[in-house]
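Please consult the sequence and the structure shown here.

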Amino acid sequence: QVQLVESGGGLVQAGDSLRLSCAASGRTFSDYAMGWFRQAPGKEREFVGGINWSGYATYYADSVKGRFTISRDNAKNTVYLQMNNLKPEDTAVYYCAADRVFRPLKASYWGQGTQVTVSS
């Protein structure tokens, strides 16, 4: 089992930046690819981005490419999502996920989510 706890969500204005964190515990963190997903009200959960076990490879949804950056610190068992130039359409609950497979990342484990609200 892998336990994931997200933090860092909040209310920001359009154009602002925010960094989400996800702390992992349980199994060996570096054995897993990590990812971020989000779910807006009335919509299905969607993939945001993923990072491989070492942190040297990442990929993103087109909607966030160039604005969001995923990184990880294996010594701290933590993955981050840096979100810049936020838009109202980025408003969603953001979930951290872990999976053995990097691409596509299907999420064997989920965090509880953290709310991000972007006002216009």
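Read along the sequence, the protein follows the pattern β-β-β-β-β-β-β-β-β-β-β, where strands (E, at least two residues) are DSSP runs numbered from the N terminus. This is a predicted model, in which local features need pLDDT of at least 70, side-chain atom pairs count only at pLDDT 80 or more, and totals for chains, interfaces and linings use all residues. Residues are numbered from 1 along each chain as its sequence is written, and side-chain values use heavy atoms, with hydrogens and water left out.

Q: Why is strand β8 largely enclosed by the rest of the structure?
A: Strand β8 covers residues 78–83. Buried means under 20% relative accessible area, with a 1.4 Å probe and protein chains only. Strand β8 is largely enclosed because the number of its 6 residues that are buried is 5.

Q: In which sense do β3 and β8 pair?
A: Two strands pair if DSSP finds at least two bridges between them. Strand β3 (residues 18–26) and β8 have 6 bridges, and Leu18 stands opposite Met83 in β8. The sense of the pairing is antiparallel.

Q: Which residue in β8 is the bridge partner of Thr69?
A: Strand β7 comprises residues 68–73 and pairs with β8 in the antiparallel sense over 6 bridges. The bridge partner of Thr69 in β8 is Gln82.

Q: Which residue takes a positive phi in the hairpin of β7 and β8?
A: This hairpin has 4 residues between the strands. The residue with a positive phi, near 55 degrees, is Asn77.

How values were computed: Buried < 20%, exposed > 50% of the residue type's maximum accessible area, 1.4 Å probe, protein only.
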